[in-house]
Every structure is written in structure tokens, then in C-alpha cells.
Amino acid sequence: MDEKKYKRIPLIPYLCCLLAVSMLFAGATFSRYTGAQSGNTDVSLGSFIYSYEIGDLSAATFSNVNYWLDIDGGRTAMNPARSVRFTVRNYTLLEDGSAERISDVDLQSTLRLYAPAEFAGNLAVQLVQVDENGGYITKTPQYVLRDLIYDSAGNFARQNGETQVIHTADSEDFDARGDQQGNPFDERLTVTGSFSGTAENHTGTIYAACDETGNSLTLTATVQQAEYSVGFYRRLVADENRSAPQVFLECSEEIPFYTLDIGLPELCLEADGAPQERTFVLFLTVTEITRNDDFSATWDGSSLDQALLLLESGKPAYFNGARITGYHFNVNAPVYELKGGIMTLTGEQTTLRIRKDYSTDDSGNPVLSFHHVAPLSEGAASVVHPIEQFYDETGEAILLADFENITQVHPYYGLCSNQGASGYIAFADLPDSPYYSTHAVQVTGTPDYAMEQALSKGYATRLNVLFVQASVSRREGGAG
């Protein structure tokens, strides 16, 4: 069987604080995936069964600074690694967590990260396996991706098609994890392939492998239409020392994206009739500051104010060459619970995201959507998940279609897709413009807020696990 099976999990924008970048990994509620392939009726083939889970990211932000800060002869880490746990299985699970169906064929799994080049090309990555006691067993060195991409002069390496041997010990150390004895864990990588083009538009494939360990990396560059956001500082007009949650311009532009595939022998699950599961942790470290026009932007007087007015009139608007498709911002909203058939205030608040999308047509009529920003499990990083269920004050479900006006939802309460774990979120008097604190103020037309310098940038990215039949993987030289 040569069928390749995989599912995808979104990484919803990496954003920032003080020019930081971050990625919000979808948590356990959304991260369990299963698959099966049983072959056709003409040929007797074993069942191709798998499942995997991707857990929460340890922290949501990467500061956009150089990893090392040198002070008085010492070095301080300014951007420590973030970690994400994932588990692969050769079986599917029942509700109680026990094995339901077990694969009849060997499975080779591969971890895949898909992210914009300006972020992914600036990463150092490392994989460890989690043992039965919860301890870490280092399985790869720290791979500094820029060392696979560029030569010492900053040009794309191996332009003449040569093969290069790279020793990971020669890469800069960003607090890499050592082996179980605390010694450095390094490999000699045989590297082939290259990227070609410019920083703004390049393609190609780089393959690196270590014969001694069996570990491999494939890094592929493509140019894709990207949806990303740039966040701006928002402050009170009446008090310039008081800030509000950022407002994010939603933009669309073609940019290079990287697909990183990481393979190692331990990601192979051999079919022996028994259920197998293995858990790993991926460490991600941003190595250097990213500098571009987006990170250095300001709201620039009335230019972006005028851009939003153009959107509302059905005309296109642009920011640093990218088309502006809308905006979003966060607000605090009160939480209610249903008691005795009536909504009752709990005294708590939660974070609600209001998004206005002008990309569906050029009429100037936006589509509104709403998301909850909160952890999916205790102690996890906050993630963005949709609010699509609405209820009236007696708890009766209300069917609402696409929203074009915020007043449509003012009378109602929303439950988030995380089984409504945070309670009923009230929409009364919420604005749909980043200039105002409430809808009542929005009606007056007198802004509460003004926007200033850019603080953040975010892209939609993905992390997933691919599965192939292991014999196919060995014959073809790796999963892809």
C-alpha cells in the first residue's frame, strides 16, 4: 500500500507583544486525529490505522529579539524555547482511551511544521522522546535552520548542486538539550538541495540526513498567498498613558512559506499486533530579531484611518504592499450562567475577539465573526476558538446567519466551541470598531482610542503528523 495519510492542525496566528512573535497551537480539544485505510476488495491488504494528538504550546509568545543578550561579558537568553507535545499511535481509541483498532502494517510517521519563511527560517528546532516516567530522552541535536539554508556570506547555500556535510556542533548553541549524561548531542548531516530566488520570492527543497542516527529533515520553500495580521498599539485618547488591547490589520499577500518535515527511527511503529504509542516534545527557539517594514510600521497619522474608510466604501486598501482584508481586536465581555431558566451574571469576564472581514466581496459589507480567547485546558496557553452558538436570556438556542451588524448579536449570549466551558458570553453593547469602547459611544462618533506603532505580527501556520506505510517510506527514502 502506498497511500499517504495525514491530517492537519492549525496554528492560529503567531502574534507578539513588544515586537514579539508567537504561535497559538490548538489544544487537546481539537487535536486528536484518526485515520484508517483497509485496502480494496480485490487484494488482501492489512488495515492502515493510526491516531495522533498534539498538545498545548508551553507559552504563546516569542519575543522578536536576538536570542542572546551579551552584558558585561555574560550571556542572557532573551527568547527561551517553546515546547509542544505530540503523541503518535498505531491504533484508534475508544472513549475510555483503550485501543479500538490496531494497524496491521508498519507505520512511519513524520512531524510537519508549515510556517512563513521569515519565522520558520529563523528557528532552531529539537526533538526529545518522553519515557514512561515522564523524563526526556534527546533524539536529535538542535537544528539551526539558517545553517542549512545560507552560506557564511548570507547567500543561499549549495547553488551548484554540490553535497555539503554540516556538523551541528559548529552551529551556534541556543541552550540545546544534551544527551542523558548531559553531554552535547550532535550529528554530521549530509545536506543536498538549495533554495533559489530572492528573499521575497524563493523556492526549492533542502534534504539533510544523518546516517549514524537515521534522523532526517526536509525543508521545502514555496510561495503562497498568506493571510496575516499586524497588531498596533491602541491607547485612550483621554489618557495617552493608558492602553487597550491591540488592533490587528488583516492582510493578504504572496510570501515564501517553509514546510519542515522531521523524521526519526522512533517515529516508526512496527505492526506486531499490539497497540503502540510514543510521545515526543518539539522545542522551538527563535534565534534572531526579524526586521521588516511591518515591524517598523506606525499607524502614520490618518493613512490607515483612511484605509479603513476605503474598506467600508467597498474600495481596496493596502498596507506595505499587502491588501487589507479587515481587522480584529479583543474586548472583555461579562460571563453569565443559566440559573432557573434565566441568564445570571457570574461576576467574571473573559476575552472575546471581534473580527470584521471585507474579503468576501467589494460591496463594503463586512462579515463579522466572534472568537473566544482562552486556554483549552488548565495551565495551557490561550488559543483562539470560534463562537457559533447563540442563546437568548432564557437559554433557548437562536439561529443566526452571517452577521453584517454588531447589533444583531447584542441581545444574545454565545458559547465557545470548547464545549462552552467558559459559560455564556454576553454581547450587549459591544462595538465592532476599534476606535470605541462600547457601541453606545460608537453611535456618537467620538473615538475613545487612537492607534500608534506596530507591536506584533501573526500568520496562520500548521503543525501536523503524516503517516505512510513504513515499507513504502523505506523504499522511497522517507515520508513526505
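Helices (H or I, at least four residues) and strands (E, at least two) are taken as DSSP runs and numbered from the N terminus. The model is predicted; local features are reported at pLDDT of at least 70 and side-chain atom pairs at pLDDT 80 or more, whereas totals for chains, interfaces and linings use all residues. Residues are numbered from 1 along each chain as its sequence is written, and side-chain values use heavy atoms, with hydrogens and water left out.

Most residues other than glycine have a negative phi. Asn320, which is not a glycine, has a positive phi of about 50 degrees. This residue is found in the loop between strand 24 (318-319) and strand 25 (322-339). Asn320 is partly exposed, with a relative accessible area of 39%; here buried means under 20% relative accessible area, exposed over 50%, and partly exposed in between, for a 1.4 Å probe and protein chains only. Asp429, also not a glycine, has a positive phi of about 65 degrees. Asp429 is in the loop between strand 31 and helix 4 (439-444), and is partly exposed at 36% relative accessible area.

Strand 30 (residues 413-416) is covered on both faces, with Tyr413 and Leu415 buried on one side and Gly414 and Cys416 buried on the other. Two strands are said to pair if DSSP finds at least two bridges between them. Strand 28 (residues 382-391) runs antiparallel to strand 30 and is joined to it by four bridges; Gln389 has Leu415 of strand 30 as its bridge partner. Strand 30 also pairs in the antiparallel sense with strand 31 (residues 424-426), over two bridges. There, the bridge partner of Gly414 is Ile425 of strand 31.

Asp239 lies in the loop between strand 20 (216-236) and strand 21 (243-263) and is partly exposed, with a relative accessible area of 30%.

The largest pocket has a volume of about 1,000 Å³. A pocket is an open set of points on a 1 Å grid over the protein atoms alone where a 1.4 Å probe fits, with protein on both sides within 12 Å along at least five of seven lines; lining residues have an atom within 4 Å of a point. The volume is the space filled by probe spheres set on the points, which are joined across faces, edges and corners. Of the 37 lining residues, Ala117, Glu118, Tyr150, Ala199 and His202 are the closest to the centre of the largest pocket. Strand 21 gives the most to this lining, with five residues.
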